[in-house]
Amino acid sequence: MKILMVCLGNICRSPLAHGILESKLDPSRFTVDSAGTANYHIGEPPDERSIKVASENKIDISQQRGRQFVISDFDKFDQIYAMDRANFKDLKQMARNEKDLSKLSLFMDSHPDSPFQEVPDPYYGDMSDFELAFDLIESTCERIARNLYSFIENRK
Ligand code: 4NP
């Protein structure tokens with residue numbers, strides 16, 4: 001199965017979601033990638049604050065490079081997670097049909113008991129905002145990983 005994490009710039013939140021979910025899944029069965037709805041940071045490494053908070057939690061995202069979401073990602077991926085409602089709306093507008101739409105979800109919907117419904121954009125914030133983003137993404141990826149494994153087990 002192929003999973004795509006999407007935020008605005010693909011340098012703060014979705015690189016964390018990409019690295020964290022990847023660390024929880026068997027690479028022979030799952031592929032994880034990330035992209036941004038905007039073209040601001042194509043080819044750039046993640047924000048140094050995301051690299052730092054990830055590395056403090058033993059996850060290396062420094063080799064990732066920013067890219068923009070493209071329509072063909074709807075064909076390539078099985079599940080596409082939007083970090084906030086604006087990202088979700090932008091993706092929804094690019095969907096070509098019901099099948100594309102069925103692949104989209106708001107990331108935090110996988111963690112319904114969290115007080116957060118979106119991952120707040122930490123870009124204009126400080127390290128504490130990146131730590132919050134890490135914690136929300138980590139706890140939600142834990143649930144997503146569990147759901148993905150039960151999904152593929154039940155499919156057998
Ligand atoms: P991200 O954060 O969507 O989590 O990667 C942002 C990164 C860059 C910008 C905005 C948000 N920007 O305006 O450049």
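I began with the contact of α2 and α6: Arg 49, Ser 50, Lys 52, Val 53 and Ala 54 in α2 meet Met 127, Phe 130, Glu 131 and Phe 134 in α6. Contact here means heavy atoms within 4.5 Å. By class, I find five nonpolar, one polar and three charged residues in the contact of α2 with α6. Nonpolar covers Ala, Val, Leu, Ile, Met, Phe, Trp, Tyr, Cys and Pro; charged covers Asp, Glu, Lys and Arg; the others, Gly among them, count as polar.

I note that this is a predicted model, in which local features need pLDDT of at least 70, side-chain atom pairs count only at pLDDT 80 or more, and totals for chains, interfaces and linings use all residues. Residues are numbered from 1 along each chain as its sequence is written, and side-chain values use heavy atoms, with hydrogens and water left out.

Next I looked up the geometry. Helix α2 (residues 48-56) packs on helix α6 (residues 127-155) at an angle of about 55°, with the axes 10 Å apart. That makes α2 oblique to α6. Oblique is what remains after under 35 degrees (roughly parallel), over 145 (roughly antiparallel) and 65 to 115 (roughly perpendicular). Axes are lines fitted to C-alpha atoms, for helices over the stretch in contact, and angles run from 0 to 180 degrees between N-to-C directions. Helices are DSSP runs (H or I, at least four residues), numbered from the N terminus. I record the crossing of α2 and α6 as right-handed, that is, with the near helix turned clockwise from the far one by less than a right angle.

I then took helix α1 (residues 13-24): its axis and that of α6 come within 9 Å and cross at roughly 45°. The α1 and α6 pair is therefore oblique, and its crossing is right-handed. Among the α1 residues that meet α6 are Leu 16, Ile 20 and Lys 24. The contact of α1 with α6 has eleven nonpolar, no polar and four charged residues.

Last, I checked the ligand. Residues around the ligand include Cys 7, Arg 13, His 41 and Tyr 124, where near means a heavy atom within 4 Å. A backbone N or O atom of Leu 8 lies 2.9 Å from a ligand oxygen atom. For Asp 121, a polar side-chain atom lies 3.2 Å from an oxygen atom of the ligand. A polar contact is a pair of N or O atoms within 3.5 Å.

Methods:
Helices (H or I, at least four residues) and strands (E, at least two) are DSSP runs, numbered from the N terminus. A polar contact is a pair of N or O atoms within 3.5 Å; within protein, one must be able to donate a hydrogen and the other to accept it, and residues adjacent in sequence count only if both atoms are side-chain atoms.
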